[in-house]
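Reader: I'd like to learn how to read a fold by its numbers. Can you walk me through one, feature by feature?

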Amino acid sequence: MDLEGVQVCLGVEFKDQNLLFEALTHSSCKIEPEIGFKRTNEALAWLGDALIDWVVSESIYSPGSTKGGLTNSRKSKVKKEALAVLAKNLGLDKVLIIPEHRVKAGGRKNEKNLHTVYEAVVGAIYRDRGYESARDFVVRTCI
């Protein structure tokens with residue numbers, strides 16, 4: 001896999017490319033004996049999900065707005081379907097590390113896999129480059 005090319009597409013240069021590799025690794029790789037990866041993108045996706053919610057909330061906040069209006073605006077940006085589209089637009093579907101039999105079953109088009117890899121990339125950027133870089137990435141790609 002060309003991690004340098006992935007970084008160019010993301011617009012982020014990782015200090016620790018292992019974090020990017022982990023972010024791209026589907027959870028099924030952990031249970032597939034022929035692959036045997038020890039770390040997958042689940043924990044990074046959890047972190048990224050929280051960061052995305054915060055960054056979008058922070059970015060759309062406007063004094064005087066109603067709670068309902070802000071919530072609806074945030075929901076439209078962070079819903080799983082929208083994040084899956086972002087992942088595809090960034091080419092993450094092509095670099096998702098997933099067992100071949102899952103690829104044949106449509107794993108690169110699976111909405112859950114796509115939104116999870118986007119969230120994991122955000123988590124990996126945060127762990128590697130800090131909050132400002134993760135924030136900049138989310139604002140650039142999501143808002």
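Author: What follows goes from the whole chain down to single residues. First, the ground rules: this is a predicted model, where local features need pLDDT of at least 70, side-chain atom pairs count only at pLDDT 80 or more, and totals for chains, interfaces and linings use all residues. Residues are numbered from 1 along each chain as its sequence is written, and side-chain values use heavy atoms, with hydrogens and water left out.

Reader: How many helices and strands are there in the chain?

Author: Helices (H or I, at least four residues) and strands (E, at least two) are DSSP runs, numbered from the N terminus. Here the chain has ten helices and zero strands. Its radius of gyration (taken over C-alpha atoms) is 15 Å, close to the 15 Å that the globule rule (2.2 Å times the number of residues to the power 0.38) gives for 143 residues, so the chain is as compact as a globular protein of that length. Along the principal axes, the C-alpha atoms fill a box of roughly 55 × 30 × 25 Å.

Reader: What share of the residues counts as buried?

Author: Buried means under 20% relative accessible area, exposed over 50%, and partly exposed in between, using a 1.4 Å probe and protein chains only. By that cut-off, 44% of the 143 residues are buried. As for contacts (heavy atoms within 4.5 Å), take those between residues at least 6 apart in sequence: 63% of them join residues at least 24 apart.

Reader: Which residues touch the most other members of the largest nonpolar core?

Author: A nonpolar core is a set of buried Ala, Val, Leu, Ile, Met, Phe, Trp, Tyr and Cys residues joined through side-chain atoms within 4.5 Å. The largest one has 42 residues, and L10, L24, L92, Y118 and F137 touch the most other members. The elements giving two or more residues to this core are α1, α2, α4, α5 (67-78), α6 (80-89), α7, α9 and α10 (131-142). Leaving out residues up to four places away in sequence, F137 touches L10, V12, L90, Y118, V121, V122 and I125.

Reader: What do the buried residues of α2 pack against?

Author: In helix α2 (residues 17-24), L19, L20, E22, A23 and L24 are buried. The buried residues of α2 pack against α1 (3-10), α4, α7 (92-95) and α9 (111-129).

Reader: Is D93 buried or exposed, and what does its side chain make a polar contact with?

Author: A polar contact is a pair of N or O atoms within 3.5 Å; within protein, one must be able to donate a hydrogen and the other to accept it, and residues adjacent in sequence count only if both atoms are side-chain atoms. D93, in helix α7, is buried because its relative accessible area is 7%. Its side chain makes a polar contact with the side chain of K88, at 3.2 Å.

Reader: And S59?

Author: S59 sits in helix α4 (residues 42-60) and counts as partly exposed because its relative accessibility is 30%. A polar atom of the S59 side chain lies 2.8 Å from the backbone oxygen of V55. Beyond its neighbours within four places in sequence, S59 contacts R135, V139 and I143.
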